[in-house]
Amino acid sequence: MTGPLVVAAAVVAIALAPLVASTYHVLLMLPFMAYAVVLLGLNLLLGYAGLVSFGHALFIGIGAYTGAFLTSHFKIRSLEVILIAAAALGALVAAPVGALCVRYVKIYFGMLTLAFGMVFYTFVLKFYRLTGGDEGTPFLRPSLLGRSLEAMPKTDYLVGPYYYYSLGVVVVATLCMWRIVHSPFGLCLKTIRDNPAKAETLGIGVTRFRFHAFVISAVYAAVGGALLGPPIGNVDPTLAYWTHSGNIVFMTLLGGFTSFFGPVVGAFVFIYLQNWVMSVVPYWRLIFGAILAAIVIFAPGGLLGLVRPGRAAVRAAGRRGAGAPPAESRP
Amino acid sequence: MILVAEGLRKLYGEFCALDGVSLGVGAGEFVSIIGPNGAGKSTLINILTGLTPPSAGTVRFKEREIHGLGPVGLARLGMARSFQLVHIFPDLTVLETLQAAVVARLGRGTRLFASLAGDRDVQREALEVAELFRLSDKRGALARHLPQGDKKLLDVASAFALRPEIILLDEPTSGVSTADKTAVMETLVEASKRIGLQAILQVEHDMDIVFAYSDRIIALHQGKVLADGPPSAIQADRYLIDTVIGRRARTH
C-alpha cells in the first residue's frame, strides 16, 4: 500500500501547491505537468518496449503548434478541442513515421526518429509564412471547460484554473497509462523489450506492438506539447529541436525508466534543478552533463532506482551489459 | 504427416549446412534428431520453425507451406519451439512469462485497457502450466534469478502454454543436471499428454534420453539424413553409432 499512498500524497501536495507555494514555484509546476504527460508516453516506448527515441520533440512540437494554429489562425480557443486535435494529429503523423522507424532497433531506431524530428524542425523554421519561422506562432489563451477566462490576469489564470486543468490532464493520462502497462498489451510489450526473438515464437508480432507503442507515445507527447503552449504563450521551432528530444530522454534517465513514475520524478527534478543551476552558474549544460554521466555510472536505475533498488536497478544494470537479454542483431 | 520437409538445403556462403534433407513427423510421434556437432541439427530446427529460410526445399505444416509465415504465423498455426540456448524474458516473473504465452494464444495482446490481473482465463491457464512444470512455487520469481535448469524448464513451459499441436525442442535437457534430465523429460511427456500435443520433434545429444523416449530417430551427418528409423534399428547399426554418436555410445 506504500506506493498508492505516496502517489496520493504527491497528488494532494501538487493540488495544494498554489495555496502554499510562491507563484514562481507554482509556475514552474506547469511545464513539469506538461512534461509528465510527455514522459509517461515516452517511457511506454523506452521502459516497456525498449526503444529509445531521440525525436519525440517532433510530437511535442506538433501538439504545441496545433494549439498555436487553432487559437491564432482558426479562433478555436477550447483547450479540450486543442488537446483532442493535438492527440489526433500526433497519431496521424506518428503512423507513417512509426511504421518506418519500428522496423529498426537500437541506434538505428534512435537515429531515424532524430532524422524525422529534424525534418519537422526544419519545416517549422523555414516555412515562415505558415509557422512564423524562428519567431514562432502565438498560443493564445485557451478557454477551459467552456469558460473563456480572458478577463483574468495571466498569472492568476496560470496558477489557478490552468494549473488545476493541467493536473487533471496529468491524472487522467497517468490512469490511462497505468491501465495500458498493466494490460495484456503492456505485458506483450515487456516480452518484446526483454527478448524479441522469444516473443515472436510465442506468436507476439514484434513490429506491430512496437508500432502501437510508438503511436501511443506520440499521442502523449502531442498532448503534453499542447499543455506546454499556454504558459509560454508563443510556440517556436526550439520546441521541436533535437536538444529538446535529448532533454526528455535525460529526464527519463534521471528519474529512472525502469519504474512507472521514474520519468515523472525525473521531469520534476530536471525542471527545478535546471532552474536552480541556471540561476547559479552560466554553464548549466556542463553541470547537467556531469549529472547525467554520474547517473549512468552510479545509479543506472535513476533516482527511483536509488529509492527502490531491486528489480528496477537490476534491470537497468542488465541494460548496461551484465546479464543482458539476448540482443537483437537486426539493425 | 503433420510436418513434412522435402529437399531442404541451406548454404552459408560456400558451406552447405543442410543438403537435401527430407523428413516427416506424424501425429502421436516423438521424433528425435541426432548427430554430431555441425551436422545441421539446429539449422534444421530453425528452418522447420520459420526462423531461417532454406536455400532450397519446402516445409509444410498441416498441409500448408510455411514459407513466409515466420515464427509468429507458425505459433498461431499451432507450432511451438524452445531454443538450444535458454530464451527467457529476464525481467518477467515466471507467471508473467506464462501469461504472455497464454495472452498470445488467446489473441488478447491488443487489449489496451483490459486488466491482465483480472483476466481469469489467462490467470487460470498460466497457473495450470506453472503447476504442470512444477514452477508454481516460483511463479513470483524473476526469470533471470532462476537456476539454469528452471530457466530451461520455463522456456519449454512457455512453449507448452501455447497449447501447440507440435513442439520442436532444441536440446531440452541441455544445461540440466544429469540427475534432473529424466525428471524434465517425464514432465514434458506428462505435459504433452495433458495439453493434447500431437507430436514432439527434438534435437538431443543425450542418447539415454533419445533412446528412452523416442518413437523414431533421424540421424544427421554432414547435412544429410544418414538414417531414419525406430530406436532399436538405430542402436543395432554399428556403423551409424560410430559415425553419428561416437564409440562411447556403443554401451547404450
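Me: Which residues line the largest cavity?
Reply: They are T201(A), T49(B), P71(B), L74(B), A75(B), M79(B), A80(B) and R81(B). Each has an atom within 4 Å of a cavity point, as lining residues must. This is a predicted model, where local features need pLDDT of at least 70 and side-chain atom pairs count only at pLDDT 80 or more, while totals for chains, interfaces and linings use all residues. Residues are numbered from 1 along each chain as its sequence is written, chains are lettered from A, and side-chain values use heavy atoms, without hydrogens and water.

Me: What makes a space a cavity?
Reply: On a 1 Å grid over the protein atoms alone, a 1.4 Å probe fits there but cannot get out. The structure holds one cavity of 30 Å³ or more. About 60 Å³ of space lies in the largest cavity.

Me: What classes of residue make up the lining of the largest cavity?
Reply: Five are nonpolar, two polar and one charged. Ala, Val, Leu, Ile, Met, Phe, Trp, Tyr, Cys and Pro count as nonpolar, Asp, Glu, Lys and Arg as charged, and the others, Gly among them, as polar.

Me: Why are α3(B) and α5(B) called roughly parallel?
Reply: Helix α3 (residues 94–106) and helix α5 (residues 148–160) of chain B pack at an angle of about 25°. Angles under 35 degrees count as roughly parallel. The two helices are therefore roughly parallel to each other. Their axes, lines fitted to C-alpha atoms over the stretch in contact, lie 8 Å apart.

Me: Where do α3(B) and α5(B) meet?
Reply: V94(B), T97(B), L98(B) and A101(B) in α3(B) meet L154(B), A157(B) and S158(B) in α5(B). Contact means heavy atoms within 4.5 Å. Five of these residues are nonpolar, two polar and none charged.

Notes:
On a 1 Å grid over the protein atoms alone, a cavity is a set of points where a 1.4 Å probe fits but cannot get out, and a pocket is an open set with protein on both sides within 12 Å along at least five of seven lines; lining residues have an atom within 4 Å of a point. Grid points are joined across faces, edges and corners, and a volume is the space filled by probe spheres set on the points. Axes are lines fitted to C-alpha atoms, for helices over the stretch in contact, and angles run from 0 to 180 degrees between N-to-C directions. Helices (H or I, at least four residues) and strands (E, at least two) are DSSP runs, numbered from the N terminus. Angles under 35 degrees count as roughly parallel, over 145 as roughly antiparallel, 65 to 115 as roughly perpendicular and the rest as oblique.
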